[in-house]
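Biologist: I have the file open. Can we go through what stands out, starting with a charged side chain?
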Amino acid sequence: MIRGCRTGQAMPAVRCSLPCRLRLLPAAPGRPGGGPPRPLEGPTVKLPRRISADDPLLAEVLALIQRSFAYMDGRIDPPSSMHRLTVGGMAEHCRAGGEIWAAGSPPAACIFLTPKADCLHLGKLAVDPARRGSGLGRQMVDLAAQRARDLGLPALELQTRIELVENHRLFARLGFAKTAEGSHPGCSRVTNITMRMPL
């Protein structure tokens, strides 16, 4: 394992208003680790409202990300940037025009969206561990695809850690393909891969 790696991720920006509702998909027959997935409570979840810089829900979204990403501790090096994420940083992202969307109250899923010159970048896609397997993650990606089309961007892009092979397979099933490898500052090995999905 390479020691002394440092991470730093910025979260630039976009604008939007996209009110809509999300109807839950049937739960998948099973999930890795055993046992049936737990469905979301109720027949529908309001599909993501965009979170504003002063929204008290930001703290709950941060808690969701921390729960959802906790399994990465000890598996990835360097550690997840989730450990440096704060409500203040999320608010600044919103003030700069960035998009944070959350589904459910309390939040069951969230996603950060950042426009680039030729794609919309997805970050911090999180689903509550108790709600995995419900199809909610896929529906958040569908939302991102719609936002990209609204912005006139031809593709979605994301980065995932090299160690998280189950995530590589998941994103491949959603239509993403590997396009590049990269390293965090201070690392001499590949630490992440870039995946892209044309729209």
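Biologist: Is Glu99 buried or exposed?
Modeller: Glu99 is buried, with a relative accessible area of 1%. Buried means under 20% relative accessible area, exposed means over 50%, and partly exposed is in between, with a 1.4 Å probe and protein chains only. Keep in mind that this is a predicted model: local features need pLDDT of at least 70, side-chain atom pairs count only at pLDDT 80 or more, and totals for chains, interfaces and linings use all residues. Residues are numbered from 1 along each chain as its sequence is written, and side-chain values use heavy atoms, with hydrogens and water left out.

Biologist: Which element is Glu99 in?
Modeller: Strand β4. Helices (H or I, at least four residues) and strands (E, at least two) are DSSP runs, numbered from the N terminus.

Biologist: And which side chains does the Glu99 side chain make polar contacts with?
Modeller: One is Trp101, at 2.7 Å. Another is Arg147, at 2.6 Å. A polar contact is a pair of N or O atoms within 3.5 Å; within protein, one must be able to donate a hydrogen and the other to accept it, and residues adjacent in sequence count only if both atoms are side-chain atoms.

Biologist: Where does Arg147 sit, buried or exposed?
Modeller: Arg147 is among the buried residues of α3, a list that also includes Gln139, Met140, Val141 and Ala144.

Biologist: What is the end-to-end distance of α3?
Modeller: The end C-alpha atoms of α3 are 21 Å apart, which agrees with the 21 Å that its 15 residues should span at 1.5 Å a residue. The expected span is 1.5 Å times one less than the number of residues. After α3 comes Gly152, with a positive phi near 75 degrees.

Biologist: Now the hydrophobic part. How many residues are in the largest nonpolar core?
Modeller: It has 26 residues, and those with the most contacts inside it are Ile111, Leu113, Leu122, Val141, Leu156 and Phe176. A nonpolar core is a set of buried Ala, Val, Leu, Ile, Met, Phe, Trp, Tyr and Cys residues joined through side-chain atoms within 4.5 Å.

Biologist: Which elements supply at least two residues of this core?
Modeller: β4 (99-103), β5 (109-115), β6 (120-127), α3 (136-150), β7 (155-161) and β9 (192-198). The largest share, 7 residues, comes from α3. A second, separate core has 21 residues, including Val61, Phe69, Leu85 and Ile100.

Biologist: What does Ile111 touch?
Modeller: Leaving out residues up to four places away in sequence, Ile111 touches Glu99, Ile100, Trp101, Leu122, Gly123, Lys124, Leu125, Met140 and Ala144. Contact means heavy atoms within 4.5 Å.

Biologist: Lys124 again. What is its phi?
Modeller: Near 50 degrees, a positive value in a residue other than glycine. Lys124 lies in strand β6 and is buried, at 13% relative accessible area.

Biologist: How many aromatic pairs are there?
Modeller: The count is 1 aromatic pair. Phe171 and Phe176 have ring centres 5.9 Å apart and planes at 70 degrees, so the pair is edge-to-face. The rule pairs rings of Phe, Tyr and Trp (its six-membered ring) if their centres lie within 6.5 Å; planes under 30 degrees apart count as stacked, over 60 as edge-to-face and the rest as tilted. Phe171 counts as buried at 10% relative accessibility, and Phe176 is buried at 4%.

Biologist: Where are the cis peptide bonds?
Modeller: One joins Asp77 and Pro78, with omega about 5 degrees. Another joins Ser105 and Pro106, with omega about 0 degrees. Pro78 is in the loop between α1 (57-69) and α2, while Pro106 is in the loop between β4 and β5.

Biologist: And Thr194, what is its side chain joined to by a polar contact?
Modeller: The side chain of Gln159, at 3.4 Å. Thr194 lies in strand β9 and is buried, with a relative accessible area of 11%.

Biologist: Last one, the whole chain. How many helices and strands?
Modeller: There are 4 helices and 9 strands. Buried residues make up 45% of the 199 residues. Among contacts between residues at least 6 apart in sequence, 68% join residues at least 24 apart.
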